Amino acid sequence: MKLPEDFKKRMRAQLGQEAYAAFLASYEKGRVFGLRYNPLKVQRETLIRMMEKEGVALEPVPWAEEGFYYPGAAQPGKLPLHEAGAYYIQEPSAMAVAPLLDPQAGETILDLCAAPGGKTTQIAGRMGGKGLLLANETVPSRAKTLARNIERMGVANAVVCNETAERLAERFPLYFDRILVDAPCSGEGMFRKDERACAEWSLRQVEACAARQKDILSYAAAMLKPGGVLVYSTCTFSPQEDEEVAAWLAEYCPQLTLEKELRLWPHLHRGEGHYAARFRKEGTRTADECRGKKIEEKKSGHKEKREQTILDFCRENLKEPAAGEILGQIRAGRAVSFGDQVYLPPCGADIFDGLKTERAGLWLGSYKKDRFEPSHALAMALPAAMAERVLETPDPMRYLRGETLPAEGKSGWTLVTYEGCPLGWGKASNGLLKNHYPKGLRLQR
């Protein structure tokens with residue numbers, strides 16, 4: 001592989017001749033491939049069994065309990081279990097960052113540079129659906145990709161924003177228990193898997209990235225609660241973007257104490273390489289502060305009628321305790337309408353007023369005339385045991401192509417599953433299931 005000469009010169013000086021030779025040799029070896037099981041959908045041993053049935057042998061990734069290596073010849077992205085959100089395909093080194101952040105259920109967590117969603121969904125899996133996960137991405141098209149991955153993985157407690165770090169810092173001072181800044185970088189750890197990253201690399205780019213990383217971190221530090229944890233990570237090897245930025249942050253914000261640094265090298269570990277630093281903010285935790293203006297929404301007869309429509313849907317199509325939890329949140333006024341679309345935010349929706357929001361929590365569905373139609377996101381977030389009607393299909397590819405399926409039993413909205421994992425909705429009637437898998441996601445015949 002042809003590497004930039006300036007890059008090789010710097011790496012030789014950084015590593016020393018012996019380690020540099022091993023580092024250089026790693027670029028002539030084949031890549032390694034990884035995936036993470038989704039604890040919101042399946043158990044670890046269940047995924048191993050599922051993948052064995054598909055002929056894919058998995059090996060554990062040592063630094064992430066959710067992670068596995070898979071053979072390069074396998075194509076897990078084309079399997080129905082991938083569409084069901086049973087796992088997320090992710091470079092193994094990148095899996096080391098979420099364990100360093102150590103997210104806990106019930107916390108308020110920010111993933112500031114979140115797209116495409118690998119680390120976001122790993123954090124969400126460890127939160128177990130409890131608490132608030134704010135996933136932000138500044139590029140609109142990437143924010144949409146992030147939202148789609150969050151939906152596929154069945155994450156119900158995430159809000160996806162498309163904002164700058166500065167705007168979020170204005171809104172959320174001292175707000176988050178944990179913050180991840182997986183910063184834009186020169187991508188040196190991507191060279192083996194992305195030729196474009198190698199072609200675009202330059203010393204000037206490294207310098208520009210370091211400046212941008214400091215800017216982002218200055219806003220992240222302002223959003224972290226006293227006692228909170230901030231993790232800074234990159235997929236690059238440059239000390240200018242890694243250790244030097246970490247040292248700058250500790251100096252810029254004296255309340256932050258560097259607790260741990262982590263480096264994964266392609267010549268020492270089975271991965272493309274990663275850097276991460278964990279900081280803790282001094283002080284005790286304070287009450288949440290937020291500058292968002294609270295919106296008092298008056299109930300109208302129209303709104304009450306709409307709420308009754310969705311309550312009726314839940315009673316008819318969901319079992320307890322799922323129905324009880326959702327019904328309770330709706331009755332408490334937690335459901336929020338954006339036009340005809342209805343969401344359940346993981347916290348007070350008022351705090352996101354005025355922000356560019358791609359997804360405001362769990363999308364429940366849409367009002368259509370005098371009826372409520374459930375969303376694909378709701379199907380992906382529901383455990384199969386909580387749906388009133390379930391069709392476990394032996395031929396998931398037919399469903400994913402949008403075909404009609406045979407369906408015995410009661411008519412009505414039916415959750416279609418494969419290996420117990422939801423794929424989406426269908427509507428049963430007269431022995432057939434009308435396919436409601438989103439047309440934009442359907443596989444080609």
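Glu259 is partly exposed, with a relative accessible area of 40%.

Before we go on, the ground rules. This is a predicted model, in which local features need pLDDT of at least 70 and side-chain atom pairs count only at pLDDT 80 or more, while totals for chains, interfaces and linings use all residues. Residues are numbered from 1 along each chain as its sequence is written, and side-chain values use heavy atoms, with hydrogens and water left out.

Back to Glu259. Which residue forms a salt bridge with Glu259? Arg278 does, and the closest N and O atoms are 2.7 Å apart. Arg278 sits in strand β11 (residues 274-281) and Glu259 in strand β10, so the pair ties together parts 19 residues apart in sequence. Arg278 is buried, at a relative accessible area of 12%. What counts as a salt bridge here? A side-chain nitrogen of Lys or Arg must lie within 4 Å of a carboxyl oxygen of Asp or Glu. And the strand names? Helices (H or I, at least four residues) and strands (E, at least two) are DSSP runs, numbered from the N terminus.

By that rule, the count is 24 salt bridges. Take Glu358 and Lys144, whose side chains meet at 3.5 Å, N to O. This one links distant parts of the chain: Glu358 is in strand β14 (residues 357-360), Lys144 is in helix α7 (residues 140-152), and they are 214 residues apart. Glu358 is partly exposed, at 29%. Lys144 is partly exposed too, at 42%.

Now Asp242 and Arg263, which form a salt bridge at 2.9 Å, N to O. Asp242 lies in the loop between β9 (224-234) and α11 (243-252), and Arg263 in strand β10 (residues 256-264), so the pair joins parts 21 residues apart in sequence. Buried or exposed? Both are buried. There is also a network of salt bridges, linking Arg49, Lys53 and Glu419.

Next, the sheet. It is open, has eight strands and mixed pairing, and its order is β10-β11-β9-β8-β5-β6-β7-β14. Pairing needs at least two DSSP bridges between two strands. The edge strands are β10 and β14, each pairing on one side only. From one strand to the next, the twist averages 15°. Angles run from 0 to 180 degrees between N-to-C directions, and axes are lines fitted to C-alpha atoms, for helices over the stretch in contact.

Look at β8 (residues 176-182). Seven of its seven residues are buried, so β8 is largely enclosed by the rest of the structure. Strand β5 (residues 108-111) pairs with β8 in the parallel sense, over three bridges. There, Leu110 stands opposite Ile179. β8 and β9 also run parallel, joined by six bridges. β9 and β11, by contrast, pair in the antiparallel sense over six bridges. Val231 stands opposite Arg278 in β11.

What packs on this sheet? Helix α10 does, touching β5, β8, β9, β10 and β11, with its direction at about 155° to that of β9. Touching, or contact, means heavy atoms within 4.5 Å. α11 packs there as well, touching β9, β10 and β11, and its direction makes about 10° with that of β11.

Last, the two helices together. α10 (residues 203-223) and α11 pack at an angle of about 35°, with axes 10 Å apart. The contact includes Leu217 of α10 and Trp248 of α11.

Definitions and conventions:
Buried < 20%, exposed > 50% of the residue type's maximum accessible area, 1.4 Å probe, protein only.
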